[in-house]
Structure formats: structure tokens, C-alpha cells
Amino acid sequence: MKSITVGITGASGALYGAQMLHHLDNCSEVERINLVISNAGRRVLTEELDIAANVRDEDLASNLLGSPSEKVRHFPVSDIGAKLASGSYPVDGMVIIPCSMGTMASIANGVTRDLVHRAADVTLKENRTLVIVPRETPLNAIHLENMLKLSRIGVRVVPAMPSFYHRPQTILDLVDHIVFRVMDQFGLPHSKKTVWMGSASKAN
Ligand SMILES: Cc1cc2nc3c(=O)[nH]c(=O)nc-3n(C[C@H](O)[C@H](O)[C@H](O)COP(=O)(O)O)c2cc1C
């Protein structure tokens, strides 16, 4: 049974974060989800998912999931004294989805200005699995260097680049493909409906 921290930051693609929560909540191998949302992430939830700006912190998870969940515990992003800020708190790993270029830069440079950054820094210092789902386009050289830097120290970089070989019919099909690739990084089971099963070569 796993305990996973989910960070949602201010990159476009709040739906990735919402679907990540949904699939982790439904996963029988996950017992605890620690949720932390940056201030900009909170703003994008309003812009993209119509989650009203006045929704209370403690109600955010149920707004994202559509109903309350026993598994999810929300931590305010300004609470740098929260459990997640210490390596002594047992967590199996963390995903930041979507991950802004700003948060990626902070992690790559060891700068911890909020609980998302600190929880990621702790994940790295404890040698736990850290997955980031960066979203920006086009990418500048700073973005690319930060991604490379993180990749070299073992961070799983899973850019929000959905594939099309599974013939997505809806936006959720596209989003879930990325979410399932994140679940793969933690060895978590999922529906496998976006796994490429191979096809016979037309040349043969
Ligand atoms: C609607 C909206 C969409 C944004 N999309 C992106 C994006 O795709 N990628 C990105 O890096 N920043 C994006 N930003 C800018 C970030 O939110 C901004 O850099 C912020 O400071 C990031 O803070 P955070 O890393 O603490 O969440 C967006 C902002 C808004 C309001």
C-alpha cells in the first residue's frame, strides 16, 4: 500500500492534476494521497476547471474528485511546518502534475519557497521517487537545462505530451494517457487501455 504526494502547480493542465487524484483515489494499492496546491495552481483551477476562488482549502479535494475521499489529505501550500516538509514522514513518492517552469526551476536549484518545493526537495534528499509533469511550449534553454539537471539526478520527467496511437476519442483519453504513464513510474496498476500492444508491420 502506497502513500503518494500530489502537487498541483500553476501550469496549464489542471485537468491532469484532477485525473491524477481520481485514478490514485480509485487505485487499490494507494492508501494515502497528500495533496498540496500552489497559489498559482489554485488560480489555474479556477481558470480551467471553474473551481470557485472562494472554495475552502479543505474542500478542494472533494471539488476536484466530485465527492469526498477518505484517502486524500490536503496540506496548505504555505504550511512549511506540515508533515510533508520532513523526511521523517513516511511517503513513497511525489508527483507534480502539472508542473510549472517556475516550480521546476525551484526544485532544480534547491530553492524551497513553499510546501510544493519543500516536499519535492525532501523527496529527493530521501531518495524517493519524484515525478514531474512539466507543461510549457515552446521551451527555452533554461527550461531544458532544468529538465536535464533533474533527469540526471533521477527525477522521472513525464512531459504533458499525450500520444495518439491509442486513438483517443475525448480529452480525458488524452489526459489519462499521461496520468497512466505517471502511475507506471510508481509501479501502480491502471486500466492499461492506453498501452501500445504492437501491430503487424504492413511491410510483412
Ligand atoms: C491560466 C494560466 C496558465 C498558465 N500556464 C502555464 C504553463 O503552462 N506553464 C508554466 O510554466 N506556467 C504557466 N503559467 C504561469 C505560472 O502560473 C506562473 O509562472 C506561476 O508563478 C507558477 O507558480 P507555481 O510554480 O508556484 O505554481 C500559467 C498561469 C496562468 C494564470
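The legends below describe close-up views of a predicted model. Residues are numbered from 1 along each chain as its sequence is written, local features need pLDDT of at least 70, and side-chain atom pairs count only at pLDDT 80 or more, while totals for chains, interfaces and linings use all residues. Side-chain values use heavy atoms, with hydrogens and water left out.

**View 1. Helix 1 against helix 7.** Helix 1 (residues 14-25) packs against helix 7 (residues 171-185) at an angle of about 60°, and the two axes are 9 Å apart. Helices (H or I, at least four residues) and strands (E, at least two) are DSSP runs, numbered from the N terminus. Axes are lines fitted to C-alpha atoms, for helices over the stretch in contact, and angles run from 0 to 180 degrees between N-to-C directions. The angle makes helix 1 oblique to helix 7; angles under 35 degrees count as roughly parallel, over 145 as roughly antiparallel, 65 to 115 as roughly perpendicular and the rest as oblique. Helix 1 and helix 7 cross in a right-handed sense (left-handed if the near helix is turned anticlockwise from the far one by less than a right angle, right-handed if clockwise). On the helix 1 side, the contact involves L15, Y16, Q19, M20, H23 and L24. On the helix 7 side, it involves I171, L172, V175, D176, I178, V179, F180, V182 and M183. Contact means heavy atoms within 4.5 Å. Sorted by class, the contact of helix 1 with helix 7 has twelve nonpolar, two polar and one charged residues. Ala, Val, Leu, Ile, Met, Phe, Trp, Tyr, Cys and Pro count as nonpolar, Asp, Glu, Lys and Arg as charged, and the others, Gly among them, as polar.

**View 2. Helix 1 against helix 2.** The axes of helix 1 and helix 2 (residues 39-49) come within 9 Å and cross at roughly 95°. Helix 1 and helix 2 are therefore roughly perpendicular to each other. A14, L15 and A18 of helix 1 meet V44, L45, E48 and L49 of helix 2. By class, the contact of helix 1 with helix 2 has six nonpolar, no polar and one charged residues.

**View 3. Salt bridges.** The model has seven salt bridges, each defined as a side-chain nitrogen of Lys or Arg within 4 Å of a carboxyl oxygen of Asp or Glu. One of them joins K125 to E126, with the closest N and O atoms 2.8 Å apart. K125 is partly exposed at 49% relative accessibility, and E126 is partly exposed at 32%. Buried means under 20% relative accessible area, exposed over 50%, and partly exposed in between (1.4 Å probe, protein chains only). D59 and R56 also form a salt bridge, at 2.9 Å from N to O. D59 has a relative accessible area of 24%, and R56 has one of 48%. In the salt bridge of R135 with E136, the closest N and O atoms are 3.4 Å apart. Both partners are partly exposed, R135 at 28% and E136 at 34%. Salt bridges that share partners link R56, E58 and D59 into one network.

View 4. N34 is in strand 2 (residues 30-37) and is buried, at 0% relative accessibility. Not counting residues up to four places away in sequence, N34 touches S3, I4, T5, V6, R73, F75, L84, Y89 and V91. R118 is in helix 5 (residues 115-125) and is partly exposed, with a relative accessible area of 25%. Leaving aside neighbours within four places in sequence, R118 is in contact with A85, T112 and K125. R118 and I80 are 38 residues apart in sequence, and their C-alpha atoms are 7.4 Å apart in space.

View 5. Most residues other than glycine have a negative phi, and most peptide bonds are trans. The peptide bond from I97 to P98 is cis, with omega near -5°; P98 is in strand 4 (residues 93-99). The peptide bond from T137 to P138 is cis too, with omega near -10°, and P138 is in the loop between strand 5 (129-134) and helix 6 (141-152). D50, which is not a glycine, has a positive phi of about 60°. D50 is in the loop between helix 2 and helix 3 (60-65) and is exposed, with a relative accessible area of 69%. N127 is not a glycine either and has a positive phi of about 60°. N127 is in the loop between helix 5 and strand 5 and is exposed at 74% relative accessibility.
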